[in-house]
Amino acid sequence: MRIDLHAHSTASDGTDTPAELVATAAAAGIDVLALTDHDTTAGWADAVDALPVGLRLIRGAEFSCIAPDCRDAHVSVHLLGYLFDPTSQVIIAEQARLRTERRMRLLAMAQRMAADGFPVDPDEFLAGLPPESPAGRPHLARALMSAGVVGSVDEAFRRFLHNRGPYYTGRVDTDVHAAIRMVRAAGGVAVLAHAAARRRGPVIDHSVIAELAAEGLAGVEVDHPDHADDDRAALRDLAGALGLLVTGSSDYHGTNKTVSLGQETTEPEALEQIEELAARSRVAAVTADRRRVR
Ligand code: AMP
Ligand code: FE
Ligand code: FE
Ligand code: ZN
């Protein structure tokens, strides 16, 4: 069994359409794939419609969050939500807010680059972003590539767009505690994504992961292409101590990243736990709904 629980499509900042993504996964010998676009569930329907025989799809999303840091600051964290109800009004509203927030933030970055003489027209760039989709820095990286400023998305990140880069502009993301509650209330399961991806910037402290576990976090993504071996070992130990399940996934973004589907994988037992928790979470969500109605 090859299980990859973290992949992006053109519904956010991947380069494969949802239909292409499931076809690519099947061709790569993947048995179970989770579609986890940033802050949207818009790709789910197309992925389901195009699902090849033999491939199972886990519907998910990656929530852009901030977490309190023990040094009294905030760090950026990504939360994977699996199998939640996409009609949850709380999630729909928060994802819509974030889509606008993402566009305005990218516009600000493009404006700062234009002001410094880079050949990017901020308004044209904004107009060229896929409508209704959560745009991200990879879109700006591609615009810089088209303008001949850089030769690759990777180079754009390395020189200009990374979290401590000269044009980085922040964004108001979702509080991670609220995001965990949202996912659970919608019958889903929350797993912390790439918690030790250090090249992106400061990472979440283990003491904060312990707080999130108390809040209902179900698991941590231990095996991720951006994780060093010692960090994987430390996260695995932490997961054991806190009773969290462990996943491994590629975080595939098509040609926007150099990783391949199935590069990292999840054990079948962990997937079983996710599905069991989702089933229990759905029952709990329905019960809470009934109580509210009464
Ligand atoms: P944003 O959502 O605008 O903050 O952009 C973050 C996205 O850029 C994430 O999907 C990352 O996977 C991607 N990303 C971050 N660092 C790099 C990098 N060095 N090269 C390519 N993509 C990156
Ligand atoms: Fe991304
Ligand atoms: Fe992420
Ligand atoms: Zn991702």
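**The metal site and its surroundings**

Tutor: Glu 62 counts as buried because its relative accessibility is 0%, where buried means under 20% relative accessible area, exposed over 50% and partly exposed in between (1.4 Å probe, protein chains only). The model is predicted, so local features need pLDDT of at least 70 and side-chain atom pairs pLDDT 80 or more, while totals for chains, interfaces and linings use all residues. Residues are numbered from 1 along each chain as its sequence is written, chains are lettered from A and ligands numbered from 1 in the order written, and side-chain values use heavy atoms, without hydrogens or water.

Donors here are N, O and S atoms within 2.8 Å of the metal (3.2 Å for Na, K and Ca), and the site may look incomplete because water is not among the atoms. Glu 62 belongs to strand β3 (residues 56-68), whereas His 194 lies in the loop between β6 (189-192) and α8 (206-215), so the pair ties together parts that are 132 residues apart in sequence. These elements are DSSP runs numbered from the N terminus, helices being H or I of at least four residues and strands E of at least two. His 194 is buried as well, its relative accessible area being 8%.

The iron ion (ligand 3) is 5.6 Å from the iron ion (ligand 2), which brings us to the other metal. The iron ion (ligand 2) is coordinated by Asp 13 (OD), Asp 13 (OD), His 38 (NE2) and His 253 (NE2), at 2.0 to 2.7 Å, and the donors of this ion follow the spacing D-x24-H-x214-H along the chain. His 38 is part of strand β2 (residues 32-38) and His 253 sits in the loop between β8 (245-248) and α10 (268-293), so this pair joins parts that are 215 residues apart in sequence. His 38 and His 253 are both buried.

Looking at individual side chains, an N or O atom of Arg 105 is 2.8 Å from an oxygen atom of ligand 1, a polar atom of His 253 lies 2.9 Å from an oxygen atom of the ligand, and for Arg 102 the distance from an N or O atom to an oxygen atom of ligand 1 is 3.1 Å. Ligand 1 taken alone exposes 500 Å², of which the protein buries 92%, the areas coming from the Shrake-Rupley method with a 1.4 Å probe.

Asp 251 counts as buried, as its relative accessibility is 1%. Thr 266 has its place in the loop between β8 and α10 too, counts as buried at 3% relative accessibility, and reaches the backbone oxygen of Gly 248 with its side chain at 2.6 Å. Asp 39, in the loop between β2 and α2 (44-49), likewise has a positive phi, of about 50°, although it is not a glycine, and this residue is buried at 0% relative accessibility. For context, most residues other than glycine have a negative phi.

Asp 205 is found in the loop between β6 and α8, the loop in which His 194 lies. Asp 205 is partly exposed, with a relative accessible area of 27%, and its side chain makes a polar contact (N or O atoms within 3.5 Å, one able to donate a hydrogen and the other to accept it; for residues adjacent in sequence, both must be side-chain atoms) with the side chain of Ser 207 at 2.8 Å. From Thr 15, Asp 205 is 190 residues away in sequence and 32 Å away in space, C-alpha to C-alpha.
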